[in-house]
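This report looks at how side chains meet inside a protein model. Please keep the sequence and the 3D view open while you read, and find each residue as it is named.

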Amino acid sequence: MNKKNIISLEKLLINGPTVESYEDIKQSIYEDIYKSAKRQVENIVSANKEYIQECRKGKKRTFEGSNVISFVGRRGTGKTSAMLSFAGILEEYTREGKYAPVRDFFENQGLMEKTGFYSLDVVDASALDQSEDVFLIVLSNMFDKAELIGKDKLHKISEFDNRQLFQKFEKVYNDFVTLSQNMKIEDEYAAFEKLRKISGSQKIRESFADLVKEFLRINTKTYSEGYDQESSYLTIMIDDLDMTYGNTGNGTYKVMNAIYKYMRVPNVIVLTTYNDQKLLTQCNDYFTGEKVFNTQIQSFYEEQQQQTAVEFIEKVIPVFARVYMPSWKKRDFENNIMICTNKSILEIPDCMRDHDIITKKFLFLLLAERTGIFFDIQGKKHHFFETETLRELYNRVQFLLSLKNRESSVPIDEILSYNIKKLKEDCYFRFKEEKLINKNERYFFESLLEETLERRGDKLIYHICYGIEKLGKRAKRMADKTGNISFLDNHQVSYSYAELIHGIYHLTRNSAENDNLCSSRQFVAVLLYSYTIQLTDLYTRYRSYKKKLGKTPGRDIFRHPITEEDQDFELKIQLKELYNLLKNVIGHGVCCQWAEYFFPEIQIGISVSSPERLTGTPKVGPYIMGYIESGFSDFGMLSLTIINTEEEPSEKLFKRVQLFLFKAMLFTNALEWTKDDIVWNEKDAASGEKINLLTINLNPSKVNFQNIYFLNSGSEKNTPDNGDFDVTGIFKYSFCYEEFLENIESIILTSLKESKKVNDSIYENIKQKLQKCMDRIWEEWEKWDRTYGNMMLPLYSMDITYNIIKRVFQESLADKRETLLLKDNKEKDSQDIFCVINEYKIMLDHFKKHLILLDEWYSISGNKEDSKLQTNFTEAFVQCPVYQFIEKNSGDPEIAKELYAFFYRIAIIQKTAEMDFFPPLG
């Protein structure tokens, strides 16, 4: 980072213009502004001295030099503060002694050695009404200064000087009033009066120049020993030049014309502020004539009028005299503006004290501390929560500081609830109104807020996703193979977190194709902001209720029915409602068909004995593996073997149970499985009823696999009962782990007991073995939950999750990862059994990489319960038991082999189904 421009938090929180002194310049956000303005002052002084020399040589001529310096920028960028500060520094330069630091302000010290500056009060052009004239206001300000000099007992001026000065005031005023009255004559005298008007304007300008000369002579004589009138300058300040007379072109033109006609005299510097776009609009309005019905002629006239407006502005305010305020949005300009925090500001968290923090980071950290809300930080574009002007920054910081801080004695849950409510109000009213200029977008968003969160998602999906292509690359591939574009049809889509992200992703990309679609970046910003606030609110309350219920709230509410006799009945009901609400927001899955891009495609190696190999085909595929719709017909795909002997190490069974649960998490309908989906097989039966080995075979779906190829082509509809295969299913089940574990454990034990495969003693023995493993697994998940919450990805911040999924998708497209070649057991000597688990780990680490960047930017570390900011995003991800299982067993050949065989079997089923759908020719 280059030079830092710093504004102190104390100065930022001052309401209104902030005036800086010379000692503030080096780290001021306006340092470059002051440098540009002082160079213009040096140019003006040089031109004045040249004019004086010409006059002394007898070459008298009118003063043609430009003496206007304009501070240009949007509303709220600090134009007024910069102008007032610069005028103050000029006065400080005049006031201080020869050896004061401020005397080094100008680079050309020889030119500026005896130069002094005297400022008038600022004229607020936006406050003028049509009866007021800016030139008379300037005269009035000069008169007030002159009266103060006359009343100054310490620096008493002579009676003669006083009389001389006021006579010149009287002359200028009378000439101006006379000219103004002559401008209102009858038409028959117009020709004569125009001649008088020209002469009168010149006289007023000359009289004003004489007045300025006398005014400066008395000022330098009275206050500035060592200066003379020729080296002194009167500084006139006119603020908001583009807002004169209620934003009318006539008013703006009148003020600019007065500057050019009367104030362009020697020893005067005019400082102005304005918005360049608004000023051009006002001047263009002034020069605009009557409308012409012929559109081509009208267009020609409009171009001519705008050119006239541009030329007029350049005549009054030359391009070289314009100083542009720092841009907060244009990325080509470096915006290194930082906020310096101060120990005296008690409302900011300790982690933000005594630092120089960039404005975006300051806002995001303060927001996180006050509300627990986090936003994405990697975006190359301007984030919707960033401010665009200095005034907006002031208002945003004041708003955040007005929220309750965590130092108070009020419980943290109440503080966050109150603060999020205030932020929600700001989003739903102020933010929405400012961003959604398009009335259709505004009405649609308001209609969304009238729906419950579940219905809101359905409405968004209906509005957005029906008009775009189906998510994922499988649909595109099927359309290409068959020539049937109905595979891309998205009308049968049902709600999911993934589909909502899919819709938002396409909002600003499909606007040309669908004019009725709410598709501006501002609409996306309002959606992401509102969803992030609402989901954070729900998740914060959800975690709060969990903590109040103790260490095992999930087991309590999912294992037993909630009754009114229960302790904390109301709290349990509220917790269950919040859980269901958040689960419904997740829906079918977090990534779903996005995962088709995240995990490599698979090719199948044909064994030597296969007929296909005899025809010279060594491998088939590739097959998309990230997400597969509609389930499988192979019932033996998900299995768990339990050995009923004391000799088997408990750690071995524990790993098998972990692996079984991991595979189960890759099916979207695991929460809907029942005991009827399980088939027990007995093997190696010993004498009597003692069973040495039992195998669970669980059917993850009741829908034939071939339906995948007809899905969304008009013959089938995907229903929530269908068990899709999703390699990112762990993101959903990390939140639903309590319901998931309870369901799996319950259906296994219930089905075993009802299967009549074993007697009671064997059942109790197997039940005990299984429950020991499950208790250990429960403890791991509950410990992770208590420390980090129960979301691997921060799904409560849709802004973060949307951007992470989008970036992993874009990176996956760019990576062009090689397909995996999987072979059957007959070829196992030559196969890399670790390739599947390694690729799965690589996929997860793509997500982890972006969470690391979040942590580094937010400077969040540690996992203390009383931390001011939320726990570490990366730690929440990598400490999740399912990630730990993959990481710890990535070198285990048994686990690697099981996963290899699992994915190989899925690929074989895809191959079979695809061959049925696309039978070979002949």
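## Buried residues, rings and charges

N267 is buried, with a relative accessible area of 5%, where buried means under 20% relative accessible area, exposed means over 50%, and partly exposed lies in between (1.4 Å probe, protein chains only). The model is a predicted one, in which local features need pLDDT of at least 70 and side-chain atom pairs count only at pLDDT 80 or more, while totals for chains, interfaces and linings use all residues. Residues are numbered from 1 along each chain as its sequence is written, and side-chain values use heavy atoms, with hydrogens and water left out.

N267 belongs to the loop between α8 (249-262) and β6 (268-274); helices (H or I, at least four residues) and strands (E, at least two) are DSSP runs, numbered from the N terminus. Its phi is near 65 degrees, which is a positive value in a residue other than glycine. C592, in the loop between α20 (569-586) and α21 (595-598), also has a positive phi, near 50 degrees, and C592 is buried at a relative accessible area of 2%. As background, most residues other than glycine have a negative phi.

The structure holds 63 aromatic pairs. Rings of Phe, Tyr and Trp (its six-membered ring) pair if their centres lie within 6.5 Å, and planes under 30 degrees apart count as stacked, over 60 as edge-to-face and the rest as tilted. F374 and F873 have ring centres 5.2 Å apart and planes at 85 degrees, so this pair is edge-to-face. Because F374 lies in the loop between α11 (359-371) and α12 (390-402) and F873 in helix α29 (residues 873-878), the pair ties together parts that are 499 residues apart in sequence. Both F374 and F873 are buried. A cluster linked by ring pairs includes F374 and F873, with F385 and W857 also among its members.

R396 lies over the face of F385, at 4.8 Å from the ring centre, and the charged end of R776 sits over the ring of F654, 3.7 Å from its centre. A charge sits over a ring if NZ of Lys or CZ of Arg is within 6 Å of the ring centre and within 35 degrees of the ring normal.

Which residues of α30 are buried? They are P881, V882, Y883, Q884, F885 and I886. Since 6 of the 8 residues of helix α30 (residues 881-888) are buried, this helix is largely enclosed by the rest of the structure.

The structure also holds 41 salt bridges, a salt bridge being a side-chain nitrogen of Lys or Arg within 4 Å of a carboxyl oxygen of Asp or Glu. The table gives some examples.

| Salt bridge | Closest N and O atoms |
|---|---|
| K470 and E629 | 2.7 Å |
| R541 and D537 | 3.5 Å |
| K583 and E739 | 3.2 Å |

K470 lies in the loop between α15 (453-464) and α16 (473-482) and E629 in the loop between β12 (627-628) and β13 (638-643), so their bridge ties together parts 159 residues apart in sequence. Both K470 and E629 are buried. R541 and D537 are 4 residues apart in helix α18 (residues 521-549), so they are separated by about one helical turn. R541 is partly exposed, with a relative accessible area of 30%, whereas D537 is buried at 8%.
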